[in-house]
Amino acid sequence: MRLRFLALGTLALAALSGCAGMTPTAGQRQLLLVANDEKQSWSDAGAVVLAAHGRDSVQVIDIGTDPLAPRNVVTLPMDNTIAGPPTNLAITADEKLALVANSLNVVEENGVRRQVPDNRLFVIDLAATPPKLIDTLAIGRQPSGLSINRAGTLALVANRADNSVSVLRIAGQKVTLIDTVAMGESVSHVRFTPDGRRALASKFPNHKVAMLEVEGEKVTYNKLDFAAGLWPYNLDVTPDGKLALTADNGNSGASDGQIDTVSVIDLEAKPPRVIDKVVVGDGPEGLAVSPTGKFAVAVLLRGSNSAKNAYFYNRNGSVVGLRIDGRKVTRTNEVEVRGLPEGAVFSADGKYLYVGNFIDQDITILRVDGDTLVPTGKSFGLAGHPAAMRGRVTH
């Protein structure tokens, strides 16, 4: 009889949870990495204001145990910068290791502060309790967007100031620089395809995307480029490896009041090519494809760090949903978030989206209902200004 009452009680609770529609099922730990930049801000006139270095951090956050109530696992003092796409960090598929690149440092000479390229890549042991920094590597100048293959054996880093891509071997907790691939011009981000046999690099100053071939640990650039939209700053791929999407920022990493696009690249075509462009809004920078492969999002700056008297200034940025149906990508709805949104990360099941708001120092939590973004009214405060965010490799 007692077991019967317990069973009935469990069913009743499940029914109530279903009616609420907002209460997630408790799950296993799933990690999210957030890099905070405390050096850069903007004046009311939209001018960059630089502070001294020394207060940046990287947070390891658990979004799996309770998707609507993330838990901070550890905050590590670590240099980081908002310069570049919000993809300068990554977590291996087994969540045992993380890489974080720092693209720029602030130096002061004769009372004047300026930014100079860095060349450091940090290695974090996520299996430790708590997670900790275990190594620092010197790679190319101004390392920015990076990617780890799904096998967890190889990483690629786009070096903006060196016009190159660093190739890194991952063997357990040991990360080693094994090669550097010349790209001929500046690259902002690089992303493996799910099978690990190719990678895409955004050559944003010349509005192109380059294809890299990967055979074992050998990465080759055979000069295969294809035209994207204006300033393709960020990119991602679908889990089946058939499509890639680029966030065509339109203005070298900033808003300008013009309407911008997401380019759709057919990776099965020979050679790969852009087959469509989807109009999304002003200043797409953050970009993420859901692990389901049926949905993606573009994060719009919307002038939220621009001069307050600019005609295109908005206090808050927004997120645009993109439905993926075969090779057809279609804009769905748009949800306003907060000031200067940068990184976007889906939960591993694709049911939730986490968006980092740089100005407001928090994460907006959205729910994904089919191909629609739904505000949950929930947010999570951070230890600093989130310049970049990444979850574990899912595809």
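The structure is a predicted model, in which local features need pLDDT of at least 70 and side-chain atom pairs count only at pLDDT 80 or more, whereas totals for chains, interfaces and linings use all residues. Residues are numbered from 1 along each chain as its sequence is written, and side-chain values use heavy atoms, with hydrogens and water left out. The mean pLDDT of the protein is 93, pLDDT being the predictor's confidence in each residue on a scale from 0 to 100.

**Confidence**

- Of the residues, 93% reach a pLDDT of 70 or more.
- Residues 1–25 have a pLDDT below 50, and this stretch makes 11 contacts in the model beyond near neighbours in sequence; a contact means heavy atoms within 4.5 Å.
- Where pLDDT is low, the predicted coordinates should not be read in detail.

- Strands are DSSP runs of E with at least two residues, numbered from the N terminus, and two strands pair if DSSP finds at least two bridges between them.
- Strand β15 (residues 198–203) runs antiparallel to strand β16 (residues 208–215), with 6 bridges joining them.
- Within this pairing, Ser 202 has Val 209 of β16 as its bridge partner.
- The hairpin of β15 and β16 has 4 residues between the strands, and His 207 takes a positive phi near 60 degrees there.
- β16 also pairs with β17 in the antiparallel sense, over 8 bridges, and Val 214 stands opposite Val 219 in β17.
- The hairpin of β16 and β17 has 2 residues between the strands, and Gly 216 in the turn has a positive phi of about 65 degrees.

- Val 219 belongs to strand β17 (residues 218–227) and is buried at a relative accessible area of 3%, where buried means under 20%, exposed over 50% and partly exposed in between (1.4 Å probe, protein chains only).
- Val 181 lies in strand β13 (residues 174–182) and is likewise buried, at 7% relative accessibility.
- The two valines, Val 181 and Val 219, are 38 residues apart in sequence and 7.3 Å apart in space, C-alpha to C-alpha.
- Leaving out residues up to four places away in sequence, Val 219 touches residues including Leu 154, Leu 156, Val 167, Val 181 and Leu 212.
- With the same exclusion, the residues touched by Val 181 include Val 165, Val 167, Val 219 and Tyr 221.
- Val 219 and Asp 179 are 40 residues apart along the chain, and their C-alpha atoms are separated by 8.3 Å.

- β27 and β28 pair in the antiparallel sense over 6 bridges, with Tyr 354 opposite Ile 365 in β28.
- The hairpin formed by β27 and β28 has 4 residues between the strands, and Gln 361 in the turn shows a positive phi of about 55 degrees.
- β28 is joined by 8 bridges to strand β29 (residues 372–381), and the two run antiparallel; Ile 363 stands opposite Phe 380 in β29.
- In the hairpin of β28 and β29, with 2 residues between the strands, Gly 370 takes a positive phi near 70 degrees.
- β28 is mostly covered, as 6 of its 8 residues are buried.

**Aromatic pairs**

- A search of the whole structure finds 5 aromatic pairs; rings of Phe, Tyr and Trp (its six-membered ring) pair if their centres lie within 6.5 Å, and planes under 30 degrees apart count as stacked, over 60 as edge-to-face and the rest as tilted.
- Trp 42 and Phe 358 form an edge-to-face pair, 5.8 Å centre to centre with 75 degrees between the planes.
- Trp 42 lies in strand β2 (residues 40–42) and Phe 358 in the loop between β27 (352–357) and β28 (362–369), so the pair ties together parts that are 316 residues apart in sequence.
- Trp 42 is partly exposed at a relative accessible area of 21%, whereas Phe 358 is buried at 2%.
- Phe 204, Trp 231 and Tyr 233 form one aromatic cluster.

- The largest cavity holds about 390 Å³ of space, the volume being the space filled by probe spheres set on the points, which are joined across faces, edges and corners.
- Its lining comprises 28 residues, of which Arg 191, Asp 236, Arg 390, Gly 391 and Arg 392 lie nearest the centre of the cavity.
- Strands that each supply at least two residues of this lining include β14 (189–192), β18 (232–237) and β30 (386–391).

Terms used. 1 Å grid on protein atoms, 1.4 Å probe; cavity = no way out; pocket = protein on both sides within 12 Å on 5 of 7 lines; lining within 4 Å.
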